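Here is a short briefing on one protein model. Keep the sequence and the 3D view open as you read.

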Amino acid sequence: MNNINQNHLDKLRKLYQNGQLHIPSRALLEAMSTEELENFIQEAERTPKRTYLPLDRELRNSLTGMMKEGDLDVPMEDLDFMSQARARRYFWMCHKAECRGVRACTPKQYKRIKAMMKMNIIDYMPDRKIKMIPYSEAQQLLRNSSERR
């Protein structure tokens, strides 16, 4: 953080929490001169609140896990001011079944997993997580859960 002092950082955090700014890359922020940074902050202050959604904890944790596993090549500090929309794009980019060469779970498997969750046979998972389960893992999950019944 070359030209970023604590006052700048506090303002940026407040604007981010209010949904008045998102910063695509921490490197972009660090490359700004003091004057550019102050202009950037002033412009963000004029942005209506809740224009951007701050990154929620669940998605932040998912992206952090992807980074640690090497599936997502984004610096960890980029999450500090990342918008929810950008984070979702990274998440889906990383999990496209075609890109990984892995067959995703089928609609039939998805429905069976959801039904088993309703019957408390399988622990709750968000829909987006279920849809990202590879076919073979879904098959194994359903098989193991059926055996426990």
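At what angle do helix H7 and helix H9 pack? The angle is about 35°, and the axes of the two helices are 10 Å apart. Keep in mind that this is a predicted model.

**The H7 and H9 pair**

- Helix H7 covers residues 107-118, and helix H9 covers residues 135-148.
- The crossing of H7 past H9 is left-handed.
- From H7, the residues that meet H9 are Gln109, Arg112, Ile113 and Met116.
- On the H9 side, the residues in this contact are Tyr135, Ala138, Gln139, Leu141, Leu142, Ser145 and Ser146.
- By type, the residues of this contact divide into 6 nonpolar, 4 polar and 1 charged.

- Is Ser145 buried or exposed? Ser145 counts as buried, because its relative accessibility is 0% and buried means under 20%.
- Ser145 sits in helix H9. Leaving aside neighbours within four places in sequence, Ser145 is in contact with Met116, Ile121 and Ile122.
- Ser136 is also found in helix H9. Ser136 is partly exposed, with a relative accessible area of 49%.
- Ser136 and Met32 are 104 residues apart in sequence. In space, their C-alpha atoms are 47 Å apart.
- Lys118 belongs to helix H7. Its relative accessible area is 72%, so Lys118 is exposed, a label for values over 50%.
- Lys118 and Pro24 are 94 residues apart in sequence. From C-alpha to C-alpha, Lys118 and Pro24 are 39 Å apart in space.

**Aromatic pairs**

- A pair of aromatic rings is described by the distance of the centres and the angle of the planes.
- How many aromatic pairs are there? The count comes to 2.
- Tyr16 and Phe81 form an edge-to-face pair, at 5.7 Å centre to centre and with 90° between the planes.
- Tyr16 lies in helix H1 (residues 6-17), while Phe81 lies in the loop between helix H4 (57-69) and helix H5 (84-95). The pair therefore ties together parts that are 65 residues apart in sequence.
- Tyr16 and Phe81 are both buried.
- Phe91 and Trp92 also form an edge-to-face pair. Their ring centres are 5.3 Å apart, with 90° between the planes.
- Phe91 is buried, with a relative accessible area of 7%. Trp92 counts as partly exposed, at 34% relative accessibility.

**Nonpolar cores**

- In soluble globular proteins, nonpolar side chains tend to be buried together.
- Which residues touch the most other members of the largest nonpolar core? They are Leu12, Leu29, Leu63, Leu72 and Met82, in a core of 27 residues.
- The elements that give two or more residues to this core are H1, helix H3 (34-46), H4 and H5.
- Look at Leu72 in particular. Apart from neighbours within four places in sequence, Leu72 is in contact with Leu63, Met66, Met67, Tyr90 and Cys94.
- A second, separate core has 12 residues, including Met117, Ile121, Ile122 and Leu142. Of these, Ile121 and Ile122 are in contact with Ser145, and Leu142 takes part in the contact of H9 with H7.

Notes: Residues are numbered from 1 along each chain as its sequence is written. This is a predicted model: local features need pLDDT of at least 70, side-chain atom pairs count only at pLDDT 80 or more; totals for chains, interfaces and linings use all residues. Side-chain values use heavy atoms; hydrogens and water are left out. Axes are lines fitted to C-alpha atoms, for helices over the stretch in contact, and angles run from 0 to 180 degrees between N-to-C directions. Helices (H or I, at least four residues) and strands (E, at least two) are DSSP runs, numbered from the N terminus. A crossing is left-handed if the near helix is turned anticlockwise from the far one by less than a right angle, and right-handed if clockwise. Contact means heavy atoms within 4.5 Å. Ala, Val, Leu, Ile, Met, Phe, Trp, Tyr, Cys and Pro count as nonpolar, Asp, Glu, Lys and Arg as charged, and the others, Gly among them, as polar. Buried means under 20% relative accessible area, exposed over 50%, partly exposed in between (1.4 Å probe, protein chains only). Rings of Phe, Tyr and Trp (its six-membered ring) pair if their centres lie within 6.5 Å; planes under 30 degrees apart count as stacked, over 60 as edge-to-face and the rest as tilted. A nonpolar core is a set of buried Ala, Val, Leu, Ile, Met, Phe, Trp, Tyr and Cys residues joined through side-chain atoms within 4.5 Å.
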